[in-house]
Amino acid sequence: MSELVCPLAHVEEVFATAAGKVYQCSRKNCFWLEYNNQTTSFSVSDFLKFKKRVDTIDIERMIHDTTRSSDFEIIMPFRTERCFILAVEDVLQLRELLDGAKFMMELNSVIRTCLQVSPFAVFA
């Protein structure tokens with residue numbers, strides 16, 4: 001992982017594609033998005049809001065609209081200093097990365113729930 005803001009962070013990879021990686025920091029309870037050679041930290045709720053914002057980008061409009069302003073989408077996530085300037089390919093790559101990370105988060109939650117054993121369970 002490229003440079004982290006907090007050298008004491010304890011991160012685990014959540015999901016990765018050729019375009020980037022998402023890490024979870026258990027010490028700071030946050031997510032790190034490594035994309036386009038930059039690393040951005042998100043709280044859990046801000047990460048999910050960012051994913052939702054990326055999902056709302058109208059790719060069809062970007063492709064069919066011939067004006068220059070439709071070639072890129074600019075996103076400035078809440079509580080970060082980062083500005084994402086995304087072309088169609090970037091939006092698709094970022095969606096794949098964020099979708100995979102969210103799926104892995106949900107899968108991890110389901111696995112934890114399934115592995116919880118009731119204290120009253122009787123084993124034969």
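Predicted model: local features only at pLDDT ≥ 70, side-chain atom pairs only at ≥ 80, totals over all residues.
A residue counts as buried here when its relative accessible area is under 20%, as exposed when that area is over 50%, and as partly exposed in between (1.4 Å probe, protein chains only). Residues are numbered from 1 along each chain as its sequence is written, and side-chain values use heavy atoms, with hydrogens and water left out.

**The overall layout**

The chain has three helices and six strands. Both kinds of element are DSSP runs numbered from the N terminus: helices are H or I with at least four residues, strands are E with at least two. Read from the N terminus on, the order is β-β-β-β-α-α-β-β-α. Of the chain's 124 residues, 33% count as buried. The accessible surface comes to about 8500 Å², and 55% of it belongs to carbon and sulfur atoms; areas come from the Shrake-Rupley method with a 1.4 Å probe, and for residues only the protein chains shown count as cover.

Contact here means heavy atoms within 4.5 Å.

**A hairpin**

Strand 3 (residues 30-35) and strand 4 (residues 38-43) run antiparallel and are joined by six bridges. Two strands pair if DSSP finds at least two bridges between them. C30 sits opposite S43 in strand 4. The two strands form a hairpin with two residues between them, and N36 in the turn has a positive phi of about 55°.

**Rings on the inside**

The whole structure holds four aromatic pairs. Rings of Phe, Tyr and Trp (its six-membered ring) pair if their centres lie within 6.5 Å; planes under 30 degrees apart count as stacked, over 60 as edge-to-face and the rest as tilted. F31 and F47 are a stacked pair, because their ring centres are 4.9 Å apart and their planes lie at 25°. This pair links distant parts of the chain, with F31 in strand 3 and F47 in helix 1, 16 residues apart. F31 is buried at 3% relative accessibility, and F47 is buried at 0%.

F42 and F50 are stacked too, at 5.1 Å centre to centre and 25° between the planes. F42 is buried with a relative accessible area of 1%, and F50 is buried at 3%. Ring pairs link F31, F42, F47, F50 and F84 into a cluster.

**The nonpolar core**

Which residues have the most contacts inside the largest nonpolar core? They are V22, L33, F47, F50, F84, L86 and L94, in a core of 21 residues. Such a core is a set of buried Ala, Val, Leu, Ile, Met, Phe, Trp, Tyr and Cys residues joined through side-chain atoms within 4.5 Å. The elements giving two or more residues to this core are strand 3, helix 1, helix 2 (59-64), strand 6 (84-86) and helix 3. Helix 3 supplies the largest share, six residues. As for L86, leaving aside its neighbours within four places in sequence, its contacts include Y35, I57, M62, F72, V91 and L94.

**Charged pairs**

Side chains of opposite charge can pair when their charged atoms come close. There are six salt bridges in the whole structure, each being a side-chain nitrogen of Lys or Arg within 4 Å of a carboxyl oxygen of Asp or Glu. Among them are these:

| Pair | N to O distance |
|---|---|
| K51 and D99 | 2.7 Å |
| R53 and E73 | 2.9 Å |
| E106 and K102 | 3.2 Å |

In the K51 and D99 salt bridge, K51 belongs to helix 1 (residues 44-55) and D99 to helix 3 (residues 88-115), 48 residues apart. D99 is partly exposed at 39%.

For the R53 and E73 salt bridge, R53 lies in helix 1 and E73 in strand 5 (residues 73-75), so the pair ties together parts 20 residues apart in sequence. R53 is partly exposed at 31%, whereas E73 is buried at 15%.

E106 and K102 both lie in helix 3, four residues apart, about one turn of the helix. E106 is partly exposed at 41%, and K102 is partly exposed at 30%. Finally, salt bridges that share partners join K51, D55 and D99 into one network.
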